[in-house]
Amino acid sequence: MTDPVALITGGAEGIGRTTAELFAARGYRVVIADLSGAADAADALGPEHEGHSLDVTDEDAVRTLLAGLDRVDVLVNNAGIGDSHLPTLEQEIAHFRRVLDVHLAGAFLVARETARRMIGQGGGAIVNLSSIAGVVGLPRRNAYGAAKAGIAMMTRSLACEWAEAGVRVNAVAPGYAGTKLVRKLVDAGRIDLAAIERRVPMGRLVEPAEIAEAIWFLASPAASAITGVTLSVDGGWAAF
Ligand code: NAD
């Protein structure tokens, strides 16, 4: 028996990297696919892990990556970029399109090519990254919120389509975690973390490790009857 394989997009940084570390520590061979830093991040996990440069919006590159893998048991569709957080009246269409492209088209392309492999293997588990911004309405987050709500609905649609083939598809919807994506917005004065902490019932941000544990659960046999759900990991924000 060879170790199961987890493909993690955007796994060189932040939540993806923490998830890669967790899956590697628990017996998976991890394949990190990221715009940059994938090889170094995989090397840091150990020699059995691989890193590949990938833009998830590049259809040919996604096909080529999947063609080079012998199997995939878990896909974590995590690659993502932040919103501009500008007032909507000042937003550029190019940025709006890029946000939807990376999150929605990227998640679709990698899920489609990975599911081809999983269906051929007899099954697998996909976990997509939605967000609190796809669950509640947040000002200036129209593109990102639309993309993340879209991911939640795409998760349900794919789950229904691939259930009989043994491919489960779920999502996590994290609240704010202090990753590079969020730090950039804080440094630019576009997010007030203290206000977010006041808004969250638990009174704090969530940790990447807490999100990784939810991804692990949804990908694991412990969730064998769960498909099509979006699990909030947000300190109670969506409940309030
Ligand atoms: P991050 O910026 O720390 O890491 C994102 C990674 O994705 C980076 O390594 C980046 O290079 C990669 N990436 C970006 N565009 C890519 C592309 N086109 N192709 C391949 N890789 C690409 O961000 P993070 O905070 O760890 O976010 C990870 C995911 O979690 C994202 O989908 C994000 O929207 C979601 N999320 C984050 C938060 C948060 O508060 N940090 C909250 C909810 C959801």
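A: A residue is near a molecule or strand if its C-beta atom, placed from the backbone, lies within 6 Å of that molecule or strand. The model is predicted: local features need pLDDT of at least 70 and side-chain atom pairs count only at pLDDT 80 or more, whereas totals for chains, interfaces and linings use all residues. Residues are numbered from 1 along each chain as its sequence is written.

Q: Which residues come nearest to the ligand?

A: The ligand has 29 residues around it, and Gly10, Glu13, Gly14, Gly80 and Thr179 come nearest.

Q: Which helices supply at least two residues each to the shell around the ligand?

A: Helices (H or I, at least four residues) and strands (E, at least two) are DSSP runs, numbered from the N terminus. Here the helices are H1, H4 (93–121) and H6 (180–187).

Q: How do the shell residues divide into nonpolar, polar and charged?

A: Ala, Val, Leu, Ile, Met, Phe, Trp, Tyr, Cys and Pro count as nonpolar; Asp, Glu, Lys and Arg count as charged; the others, Gly among them, are polar. The shell holds 14 nonpolar, 11 polar and 4 charged residues.

Q: Which strands are joined to E2 by bridges?

A: Two strands pair if DSSP finds at least two bridges between them. E1 (residues 5–9) is joined to E2 by 5 bridges, and these strands run parallel. Within this pairing, Val5 has Arg29 as its bridge partner. The chain passes from E1 to E2 through helix H1 (residues 14–25), a right-handed β-α-β crossover; right-handed means that, with the strands pointing away from the viewer, the path from the first strand over the helix to the second runs clockwise. E3 (residues 50–53) is joined to E2 by 4 bridges, also in parallel. Ile32 is the bridge partner of Gly51, and Ala33 stands opposite His52. E2, helix H2 (residues 38–45) and E3 form a right-handed β-α-β unit.

Q: Is E2 mostly covered or uncovered?

A: A residue is buried if 20 or more other C-beta atoms lie within 10 Å of its own, exposed if 12 or fewer, and partly exposed in between. E2 (residues 29–34) is mostly covered, with 6 of its 6 residues buried. One side carries Arg29, Val31 and Ala33, the other Val30, Ile32 and Asp34.

Q: Why does Pro47 count as exposed?

A: Pro47 lies in the loop between H2 and E3. It counts as exposed because it has 7 C-beta neighbours inside 10 Å. The C-alpha atoms of Pro47 and Arg29 are 9.7 Å apart, with the two residues 18 residues apart along the chain.
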